[in-house]
Amino acid sequence: MFLLQKVDSTFKKIKANAANIITITNMSFGGAAIMATLNEYHSYSVLLIFIAAFLDRYDGKVARKFNQESELGKQLDSMADIISFGVAPALLMYEMALMNAGFTGMMMPVLFIAAGALRLARFNVMDSTGYFVGLPITAAGTLLTFSYFFTNMLSEMFYLILFPVLALLMVSTFTLKKV
């Protein structure tokens, strides 16, 4: 009887925290992607960022399904997003495409990360309307990561343009319907 109560209690706790567990897992994959990049395992970094994107897609759905939406979850999701779709892709693509671009090359990832943080902060203080304002950092980071597959074909100049374009799209005020 005691064991069944403990198992039931554990399942209730997992259900109550499922979305946050998914978000922390997303963040962990983002952190692992950063470590992979720093150790020059670039293709693993790409894979880890894409797994983080998959997890990010479902944390909000799980929170809504179990009626567990919270301010904590919203803030935690933003922290995960800045790591998994801000820092991890920016560092990866800096190493792959902009490492030899001097000071300007170093500033592009910083600009991308700062714009992503601003976009997330703006999202957190706005009322939910069913629309995204600006390009979500998840989309921007995933697009930047996807460009990894074309680094042999694209020039350094392409990335010196791509980083600020994505940053500008994140902080812009155009709207996209949430899917």
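Valine 165 is partly exposed, with a relative accessible area of 40%, and this residue sits in helix 7. Keep in mind as you look around that this is a predicted model.

**Nonpolar cores**
- The largest nonpolar core has 34 residues, and Leu98, Phe112 and Phe163 touch the most other members.
- At least two residues of this core come from each of helix 2 (18–38), helix 3 (42–65), helix 4 (71–98), helix 5 (102–125), helix 6 (137–146) and helix 7 (156–171).
- Helix 4 supplies the largest share of the core, nine residues.
- Another core, of six residues, lies apart from this one, and its members include Ala18, Ile22, Val62 and Ala63.
- Leaving out residues up to four places away in sequence, leucine 98 touches Met93, Gly105, Met108, Glu156, Tyr159, Leu160 and Phe163.

**Tyrosine 148**
- You will find tyrosine 148 in the loop between helix 6 and helix 7.
- Tyrosine 148 counts as buried because its relative accessibility is 17%, and the cut-off for buried is under 20%.
- Beyond its neighbours within four places in sequence, tyrosine 148 is in contact with His42, Ser43, Val46, Met93, Met96 and Tyr159.
- Between tyrosine 148 and asparagine 20 there are 29 Å in space, C-alpha to C-alpha, and the two are 128 residues apart in sequence.

Technical notes
Residues are numbered from 1 along each chain as its sequence is written. This is a predicted model: local features need pLDDT of at least 70, side-chain atom pairs count only at pLDDT 80 or more; totals for chains, interfaces and linings use all residues. Side-chain values use heavy atoms; hydrogens and water are left out. A nonpolar core is a set of buried Ala, Val, Leu, Ile, Met, Phe, Trp, Tyr and Cys residues joined through side-chain atoms within 4.5 Å. Buried means under 20% relative accessible area, exposed over 50%, partly exposed in between (1.4 Å probe, protein chains only). Helices (H or I, at least four residues) and strands (E, at least two) are DSSP runs, numbered from the N terminus. Contact means heavy atoms within 4.5 Å.
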